[in-house]
Protein chains: 4
Amino acid sequence: MTGYDSDKDAYLARLKRVEGQVRGLHRMVDADAYCIDVLTQVSAATKALQAVALVLLTDHLGHCVAEAAGRGGAEGDAKVKEAADAIARLVRS
Amino acid sequence: MTGYDSDKDAYLARLKRVEGQVRGLHRMVDADAYCIDVLTQVSAATKALQAVALVLLTDHLGHCVAEAAGRGGAEGDAKVKEAADAIARLVRS
Amino acid sequence: MTGYDSDKDAYLARLKRVEGQVRGLHRMVDADAYCIDVLTQVSAATKALQAVALVLLTDHLGHCVAEAAGRGGAEGDAKVKEAADAIARLVRS
Amino acid sequence: MTGYDSDKDAYLARLKRVEGQVRGLHRMVDADAYCIDVLTQVSAATKALQAVALVLLTDHLGHCVAEAAGRGGAEGDAKVKEAADAIARLVRS
């Protein structure tokens with residue numbers, strides 16, 4: 001079971017939108033759009049991706065991590081460590 | 001004339017790859033992939049987008065901003081301000 | 001009880017170092033250091049602060065959040081939500 | 001000549017404030033403040049540092065980079081490349 005089953009459709013719809021944003025970036029560059037306008041859209045797509053990541057992470061903390069932590073022991077510690085590493089990658093990306 | 005004309009094909013190829021990464025994310029969620037693996041791929045796609053933005057921005061500074069700054073006056077100042085605002089959006093996204 | 005009691009000295013030492021880095025930035029600007037060198041040090045101080053944040057967050061997830069999640073119910077949910085909001089602030093800062 | 005001479009006092013005042021924020025973080029940890037409150041202050045200090053960096057960078061683009069670009073040639077290219085590398089470090093920090 002994964003943490004995002006309940007909201008799967010919402011995740012899929014968000015990712016479709018980001019895919020559309022990136023396709024739009026391709027069209028802009030192909031049509032020689034002004035650099036700064038392209039950069040504005042890159043920032044928007046980046047924010048949209050980060051927003052998906054934050055919702056995924058919240059679900060993951062509330063499901064997988066909370067359950068493993070509830071059972072305690074090494075498995076709980078491992079799940080916390082794994083989530084912390086994923087957060088570090090997000091903060092640095 | 002835009003600053004990325006010379007490397008247009010390289011930009012288009014990079015954006016195609018990012019679009020493929022986002023489509024891959026959609027497939028992962030659809031196939032109930034493990035949250036952390038999805039997050040790792042979100043970080044990779046975010047980094048790829050930021051990398052495109054940095055190359056675009058470097059070209060823009062070296063072309064549009066440098067030319068306007070070379071001519072000096074209000075137009076040069078406006079181009080520097082515009083680029084600085086785009087950089088601020090990238091740093092915060 | 002807070003999550004960082006055990007490593008309190010390590011946190012205090014890290015924060016002392018960041019304070020020293022920021023004081024060094026003040027000295028650099030006061031001595032008219034080259035902008036790019038100042039920016040390089042600003043990036044280093046920012047990374048050091050983010051690193052402290054990531055260690056604090058990992059400890060917090062492994063202590064407060066894990067314990068509250070283990071007890072379950074509304075308190076567990078509230079702790080997860082609170083941690084997720086803190087992560088969102090870090091990602092955006 | 002550096003790009004921030006004119007606003008040197010403003011930079012020094014901003015850096016003093018950031019130093020005060022980091023000293024405040026030290027006090028909070030020393031007084032066993034709640035992790036999430038410490039994290040909120042870390043995010044605030046990080047944002048303040050990034051804001052200083054963005055002003056420095058804007059000044060640098062408007063002075064050193066614009067002047068070198070106006071003279072053109074290899075020196076102009078080198079200044080643009082140097083600024084782009086500094087931007088990349090900021091985006092990734």
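This is a predicted model: local features need pLDDT of at least 70, side-chain atom pairs count only at pLDDT 80 or more; totals for chains, interfaces and linings use all residues.
# Helix packing and chain contacts

Colleague: What about inside chain A: what is the angle at which α2(A) and α3(A) pack?

Modeller: It is about 165°, and the axes of α2(A) and α3(A) are 7 Å apart. That makes α2(A) roughly antiparallel to α3(A), because the cut-off is over 145 degrees. The crossing of α2(A) past α3(A) is left-handed.

Colleague: Which residues make the contact?

Modeller: From α2(A) they include A:A53, A:L57, A:H60 and A:C64. From α3(A) they include A:G73, A:K79, A:V80 and A:L90. By class, the residues of the contact of α2(A) with α3(A) are twelve nonpolar, three polar and three charged.

Colleague: Why is α1(D) called roughly antiparallel to α2(D)?

Modeller: Helix α1 (residues 8-30) of chain D packs against helix α2 (residues 35-71) of chain D at an angle of about 165°, with axes 10 Å apart. Since an angle over 145 degrees counts as roughly antiparallel, that makes α1(D) roughly antiparallel to α2(D). α1(D) also passes α2(D) in a left-handed crossing.

Colleague: Which residues of α1(D) meet α2(D)?

Modeller: Among them are D:Y11, D:L15, D:V18, D:V22 and D:L25. The residues of α2(D) that they meet include D:V38, D:V42, D:A45, D:L49 and D:V52. The contact of α1(D) with α2(D) divides into 14 nonpolar, three polar and three charged residues.

Colleague: How many residues does the contact take from chain C and from chain D?

Modeller: Chain C and chain D give 42 residues each. On the side of chain C that touches chain D, the elements giving two or more residues are α1 (8-30), α2 (35-71) and α3 (73-92) of chain C. The largest share, 18 residues, comes from α2(C). By class, that side of chain C has 23 nonpolar, nine polar and ten charged residues.

Colleague: Why do the copies meet through the same surface?

Modeller: Because 100% of the interface residues of chain C are also interface residues in chain D.

Colleague: What is the mean pLDDT of chain A?

Modeller: The mean pLDDT of chain A is 90, and 94% of its residues reach 70 or more. Among the elements of chain A, helix α1 (residues 8-30) has the highest mean pLDDT (97) and helix α3 (residues 73-92) the lowest (90).

Colleague: What are the ipTM and pTM of the model?

Modeller: The model scores ipTM 0.90 and pTM 0.89.

Terms used
Residues are numbered from 1 along each chain as its sequence is written. Chains are lettered from A and ligands numbered from 1 in the order in which they are written. Two residues are in contact if their C-beta atoms, placed from the backbone, lie within 7 Å. Helices (H or I, at least four residues) and strands (E, at least two) are DSSP runs, numbered from the N terminus. Ala, Val, Leu, Ile, Met, Phe, Trp, Tyr, Cys and Pro count as nonpolar, Asp, Glu, Lys and Arg as charged, and the others, Gly among them, as polar. pLDDT is the predictor's confidence in each residue, from 0 to 100. Axes are lines fitted to C-alpha atoms, for helices over the stretch in contact, and angles run from 0 to 180 degrees between N-to-C directions. Angles under 35 degrees count as roughly parallel, over 145 as roughly antiparallel, 65 to 115 as roughly perpendicular and the rest as oblique. A crossing is left-handed if the near helix is turned anticlockwise from the far one by less than a right angle, and right-handed if clockwise.
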